[in-house]
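Hi everyone, thanks for coming.

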Amino acid sequence: MRLPLAVAAVALIMLLPAVPAQAAAAPAILITKVYYDSPGSDLRGNASLNGEYVTIKNTTRKAIDLAGWSLRDKTGYQYTFGDDQLLDPGKKLTVRTGQGRSGTSTVYWGRRAYVWNNDADVASIRNRSAKLVDSCSYDSTRADYKNCE
């Protein structure tokens, strides 16, 4: 009697669609956009530097304390989030290259030079243990940004 039930269970499992590994679970913090070529001429003015940014998103249902987390490019430029940076569930945070007053939706790297290459680079976010959480790469001079979601 158990054999037909087991065969039916196996048949049912085989009919279920396979879920690709990359679709299984989104990282807790997801890089959603890299704006790597700020609008206008690259004159290293603060407005132009702040036109270059990376946006991240909390994909969980709880706030994440980003203290000690870092955002990096492939050459090693690194922004480390401060002790007071909490990202609420479902919310986004933009990290701008230049200087400004940081808040809950935007933080400023404080640099006086560009970080993101205009042709190809990799943005990566790492937790306080330096474990890679998410990355987004681009290789194009035809666009100024990449949506990474």
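Residues are numbered from 1 along each chain as its sequence is written, and side-chain values use heavy atoms, with hydrogens and water left out.

pLDDT is the predictor's confidence in each residue, from 0 to 100. The protein chain has a mean of 88, with 84% of its residues at 70 or more. Over residues 5–16, though, pLDDT stays under 50. Where pLDDT is low, the predicted coordinates should not be read in detail.

Now the fold. The protein chain has 2 helices and 11 strands, which are DSSP runs (helices H or I, at least four residues; strands E, at least two), numbered from the N terminus. Of its 149 residues, 36% count as buried, meaning under 20% relative accessible area; exposed is over 50%, and partly exposed lies in between (1.4 Å probe, protein chains only).

How many salt bridges are there? The count is 2, taking a side-chain nitrogen of Lys or Arg within 4 Å of a carboxyl oxygen of Asp or Glu. Asp65 pairs with Arg128, with the closest N and O atoms 3.9 Å apart. Asp65 sits in strand β3 and Arg128 in the loop between β9 and β10, 63 residues apart. Lys92 and Glu149 form a salt bridge too, at 3.9 Å from N to O. Here Lys92 is partly exposed at 41%, while Glu149 is exposed at 61%.

Key. Predicted model: local features only at pLDDT ≥ 70, side-chain atom pairs only at ≥ 80, totals over all residues. Contact = heavy atoms within 4.5 Å.
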